[in-house]
Each structure stands twice: as C-alpha cells, then as structure tokens.
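Here is a friendly walk through a structure. Have a look at it below, and then we can go through its parts together.

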Amino acid sequence: MSVIQAHNLSKRYGAKIALDQISFSVPAGRIVGLIGPNGAGKTTALKAVLGLTDFLGELKVLGLNPYTQRDELMQSVCFIADVAILPRWIRVGDLVAFTQSVHPKFDRARFDALIAQTEVKPLARVRELSKGMVAQLHLSLVMAIDAKLLVLDEPTLGLDIIYRKRFYDTLLNDYFDQEKTIIVTTHQVEEIQHILTDLIFIQHGRIILDASMDQVSERFTEVLVTPARADAARALKPLNERLVFGKHVFLYDSVDRQTLAALGEINVPGVADLFVATMSEKAA
Amino acid sequence: MKNLLPLLKREFQEHRGGLLLTPFIAGAVLAVLLVLGLVTGASGLLKVQSTIGGEITRYAIQNNPELIAPAASKALQAFGLAAAAIINLTCAIVVFFYCLGSLYDDRKDRSILFWRSLPVSDAESVIAKVITAALVAPAIAFVATVATQMLMWLCGAVVVLVTSGSLKGMLGGNFSFFSGTVQHLIALPIHVLWVLPVVGWLMLASAFAKTKPFLWAVLPPLGIAIADSWFDVTRNLSMPSNTVFRLIGERLFDDPLPMAANLSRDAVGLIGSLVPGAVAPGIFDEALVYLKMPSLWLGALAGAAFIAFAIFLRRKSEEAY
C-alpha cells in the first residue's frame with residue numbers, strides 16, 4: 001500500500017495556484033526528496049499531506065484523509081517543519097514528559113539513548129539551547145516515535161555543516177528502515193542526494209520530475225565536451241548547457257550513452273545540476 | 001479527552017508565574033501589610049500614651065480585655081475579605097492576559113506547529129486552556145486566599161494574646177473568620193459558568209487576531225456599547241437604554257467570587273453574616289440567586305459558542321506554516 005496517494009491534488013490561495021492538479025504516490029520504505037524553488041508549492045504539498053490545510057482532489061495518507069482525519073493520522077505521522085518551532089519556554093524534561101503522555105508510540109528509553117549522545121540536559125529550557133541542540137532535541141523526540149511517515153521541511157535550516165551531516169547520518173543509521181517513509185525538502189540538495197531513494201521536482205505547482213534515483217541515473221547523462229564538438233552535442237538536444245573551465249557541460253535526458261560517450265567524458269549528473277537544468281528548461 | 005491532564009499540566013508549566021506565584025505573592029504582601037499595621041497598633045496599645053484617645057483605649061482595654069478578641073476578630077474578617085478581593089482581582093488580570101495570549105502566542109512563535117505535530121486534537125488543547133482560565137486560576141487564587149487569611153489570623157491571634165492574655169472569642173462559635181471561605185468555595189463552580197463568555201470571547205480574539213489580540217478583544221465590544229449608548233439602539237428595540245454597557249459591566253463586576261468591585265455589596269451582607277451563628281443559613285442563598293439568573297445560563301451558552309468558534313479557527317489556522 002502506498003503511504004501517500006495523491007490524485008489531481010490542487011490548492012489555491014486567492015488567485016494564486018499553489019498546487020495545480022498534481023498526482024504522485026509514495027510507497028513505504030522510501031526516502032523522497034521534494035525539491036523545488038521557493039514558492040513552487042513544496043510547503044503547500046506538505047501541509048496538505050500533514051492535514052494542515054484543506055485541498056481539492058484526492059489525497060490519502062496511510063489510507064486516511066489528512067484534513068478530516070488529522071487527529072488519527074498524527075498517531076503515525078511526525079514532522080519537523082523548521083528548527084525554530086519547539087516552544088522556547090519549556091524545559092527539555094517537561095517537553096519529553098508531555099510527548100510521552102500524549103503519544104502512544106513514543107519510546108522513552110529510545111529517546112534517552114538518543115539524547116545521551118548530545119549535550120542537551122533535561123533541566124535546560126529550549127531557549128537556552130543552541131540552534132543545533134534544538135534540532136538534535138527535536139530529531140531525538142521524533143526518532144523515538146515509531147511513526148510510519150516522517151516529513152522534514154528544511155529540517156537543517158541555519159545549522160552548520162557538522163550538525164547537518166550528523167542530523168542526516170543519525171536519521172539514516174538509527175531511524176530509517178523498510179517500514180518507514182521519509183519525505184524531505186531542502187535547498188541543500190547535494191548534501192542529501194546520497195540518502196534519497198526517490199526524487200520529486202516541483203515547480204509552479206506542478207511536478208516536473210518524479211523518479212527513483214536509479215531511474216535518474218539511467219535516464220540522465222552529463223557530458224563534458226570540448227568547444228570544437230559543442231555544435232554536435234547541441235544537435236542531440238541537451239536539457240541544459242553550461243561552461244566549466246572552457247569546456248561545455250551538456251545534460252541529456254534519455255539519450256543513448258554510447259552516442260554521448262563519443263562526444264566526451266560522461267557522468268551521472270548531481271541532483272543539484274539536474275535540478276537547475278530541469279527548472280531552467282521548463283521555465284524557457 | 002484523554003490528553004486533558006497532560007495539557008493542563010503543560011499550561012500550568014508555561015504560566016507558573018502568573019497562575020501560581022502571582023496570587024501567593026499578592027497574599028504575602030497583604031499579610032505583611034497587616035503585620036505592619038498590627039505591630040504599630042499593638043505597640044500603641046501596650047505603650048502608655050499621652051493622647052486622650054490612647055488613654056481611653058488603654059483604659060477600656062485594661063478594664064475589659066475580653067473585648068479585644070471579638071473586635072480583632074471582626075477587623076480580621078474585614079481584612080480577610082479585602083485580601084480575597086485583591087487576590088481575586090489580581091487573578092482576574094492574570095486570566096485576562098492569559099486568555100489573550102492563549103491561542104495567539106504559539107501561532108506567533110510558530111510553536112503551534114510542534115503542538116500540532118502531536119496526536120492532540122485542537123478541541124482538547126483549547127478546552128484545557130478554558131479550564132485553566134476559568135477554573136484552575138481562580139482555584140489557585142482561592143488556595144492563596146485561604147493561606148493568606150490563615151496567616152493573617154495567626155498574626156492577629158498573637159497580637160490578641162499579647163495584649164489581652166486570652167484568645168477567647170477569636171475562634172468564635174463556628175470559626176466565623178473563615179466563613180467567607182465556604183462561600184468562596186461554593187462560588188467557584190458558579191464563577192466558571194459566569195466567566196465563560198468573557199473567557200470565550202477573549203480566546204476567540206486570541207485565535208482570530210493576526211496581530212494585537214488585545215485590540216480585537218476590547219474594541220469591538222466597547223464600540224458596540226458606545227454606539228448603543230449614543231444611538232439608543234437597545235432602547236429603540238424596547239430594551240432599557242445602555243443595555244450593552246450594562247451587560248458587560250454586570251459580567252465583569254458581578255462575578256460571584258469576591259471581587260473588589262462587588263465588595264461593597266457583599267461586604268455588608270458578609271460582615272453581618274460573620275456574627276457567629278448567623279452565617280450558615282445564608283451560605284447557599286447567594287449561589288441560588290446566581291443559579292436562578294437566566295443571564296448566567298445564556299452567558300455560559302454564548303461562551304460555549306465563542307469557544308467552539310475559537311476551536312474552529314485554530315483548526316483552520318495555517319498562517320503559522
């Protein structure tokens with residue numbers, strides 16, 4: 001069964017169309033990167049999935065309508081929307097006790113084990129913690145909950161690279177398994193591309209790419225071409241062309257690898273380059 | 001409603017200063033003031049004074065020391081009542097600002113997103129806040145009041161013992177100093193119903209306002225009341241003039257809890273009833289008067305409607321994300 005099943009999902013705010021009849025499905029056991037420029041509709045899509053906004057079209061999350069069956073859904077779904085949302089006045093110990101008392105799937109022992117690896121002390125108030133420690137605390141809370149779906153919306157915004165790396169390492173090593181599904185949005189795509197299993201690119205409220213990472217590496221090829229062969233390369237209709245140290249880098253979608261290898265050195269493109277290429281192509 | 005207890009605990013943790021410390025600090029300050037007054041007064045009684053008044057007092061006391069205890073007891077009752085009024089007024093101010101922030105502050109600092117990421121319904125969260133404002137806060141104020149009154153009584157008893165050598169009359173026939181306490185306790189559940197429209201309205205403003213919940217809470221009712229007063233709207237609807245003002249005033253100042261504003265009205269009755277033996281039959285009368293008021297029940301109904309609307313708005317709120 002799909003964890004998320006969306007069909008013609010739409011949402012408009014006044015005249016602005018935030019989501020334009022998108023359809024996608026996310027099976028269990030995946031880590032999906034939802035990537036798009038600012039204002040593309042990522043957050044709106046996540047809000048709809050989390051039951052924080054109503055919508056048009058069909059959307060089922062774990063078989064439930066997220067907007068009307070939100071209270072039930074939240075038993076099995078966790079989210080971290082931004083590092084700054086933990087209440088600043090609360091003491092860490094009180095926050096944990098509260099979560100434990102309202103969440104049937106919260107595992108206190110697991111939380112204690114996770115938080116012991118950090119500097120966070122139970123008597124500290126959230127406002128006394130550094131940004132990185134707040135993120136660690138939030139992640140520890142969420143990881144101690146045996147949820148089926150975890151939604152991360154820019155979870156590492158404003159953190160330094162050490163915290164960011166540790167954040168995703170912990171997530172991958174101590175949390176993720178075949179039963180769980182993670183959706184993550186971030187602008188630092190290159191940092192998470194190695195943990196993703198699937199990619200969804202979204203722009204102007206529409207999905208422009210929905211593929212597994214395996215499909216991505218099969219479909220897309222990057223070729224390094226000397227200026228002399230650039231015209232031949234352009235004839236093969238690349239998605240995108242850019243100049244790096246005097247060489248042309250072309251990005252192709254579904255073009256035969258052997259043909260491309262004749263033009264120059266071929267590579268599997270990074271998600272960030274792919275993102276820029278597909279976005280600019282659609283914009284053109 | 002299984003999450004109600006943790007939610008109430010959370011509200012208490014967040015507002016410990018206002019809910020717990022404020023009424024007890026107010027009570028402590030009042031008790032200290034009383035002690036200062038007692039010390040001045042007692043030293044005046046004990047010292048040989050050259051004034052005529054002092055002489056007369058001293059003479060009266062020396063000849064009738066048994067009059068001191070009843071007199072002190074009555075004075076302490078008045079003090080205790082004033083303490084109840086002031087502590088309840090302090091509590092009302094705390095509750096006012098608590099309500100205004102209750103559904104606004106966590107939207108402003110976006111922590112609502114964390115709370116809403118837990119399996120807790122919006123109705124549960126809002127109802128826990130209503131209970132905190134309407135019941136928990138005045139219940140704590142009640143405990144603070146009783147503690148203050150007991151402290152006052154002890155201080156008074158020491159003075160009486162030192163000046164007259166006896167406590168006879170301080171613990172009157174039926175412990176009359178604390179008779180107001182029972183009345184206060186009976187008033188608590190009625191207070192919940194009475195204050196529901198005010199709490200509901202303030203929380204509705206708190207849930208609705210994008211900024212400045214204070215203005216949203218205060219200006220519309222004030223505006224309507226002023227318009228009514230100027231244009232005689234309610235009189236043209238064959239109701240008494242200034243009905244809106246009257247309704248608001250009644251709601252704020254006729255709270256069944258001993259408040260500063262209705263002290264004058266209650267004080268007469270209460271002080272009279274503090275005479276040993278006279279209290280018991282009257283204790284439920286005040287409660288019955290309230291329970292027979294249609295406005296108590298209509299107000300509670302309006303309060304419930306405001307609260308339901310506030311829950312709806314919180315459910316719909318998405319500007320925080």
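Let us begin with helix α4 (residues 68-102) of chain B: its 35 residues should span 51 Å at 1.5 Å a residue, and its end C-alpha atoms lie 49 Å apart, which agrees. The expected span here is 1.5 Å times one less than the number of residues. Helices (H or I, at least four residues) and strands (E, at least two) are DSSP runs, numbered from the N terminus. Because 25 of the 35 residues of α4(B) are buried, this helix is largely enclosed by the rest of the structure. Buried means that 20 or more other C-beta atoms, placed from the backbone, lie within 10 Å of the residue's own.

A word on the model: it is predicted, so local features need pLDDT of at least 70 and side-chain atom pairs count only at pLDDT 80 or more, while totals for chains, interfaces and linings use all residues. Residues are numbered from 1 along each chain as its sequence is written, and chains are lettered from A and ligands numbered from 1 in the order in which they are written.

Next comes the contact between the chains. It takes 18 residues from chain B and 23 residues from chain A, where contact means C-beta atoms, placed from the backbone, within 7 Å. On the chain B side, α1 (4-14) and α6 (112-115) are the elements that give two or more residues, and α1(B) gives the most, with 4 residues.

The table sets out two sides by class, with Ala, Val, Leu, Ile, Met, Phe, Trp, Tyr, Cys and Pro as nonpolar, Asp, Glu, Lys and Arg as charged, and the others, Gly among them, as polar.

| Side | Residues by class |
|---|---|
| Chain B, touching chain A | 7 nonpolar, 5 polar, 6 charged residues |

Finally, 4 strands of chain A form an open antiparallel sheet in the order β11-β12-β10-β13. β11 (240-244) and β13 (265-267) of chain A stand at the edges with a single partner strand each, so one side of each lacks a neighbour in the sheet. Strands pair if DSSP finds at least two bridges between them; 5 bridges join β11(A) to β12 (residues 247-253) of chain A. Glu241(A) stands opposite Phe250(A) in β12(A).

Methods: Contact = placed C-beta atoms within 7 Å. Buried ≥ 20, exposed ≤ 12 C-beta atoms within 10 Å, placed from the backbone.
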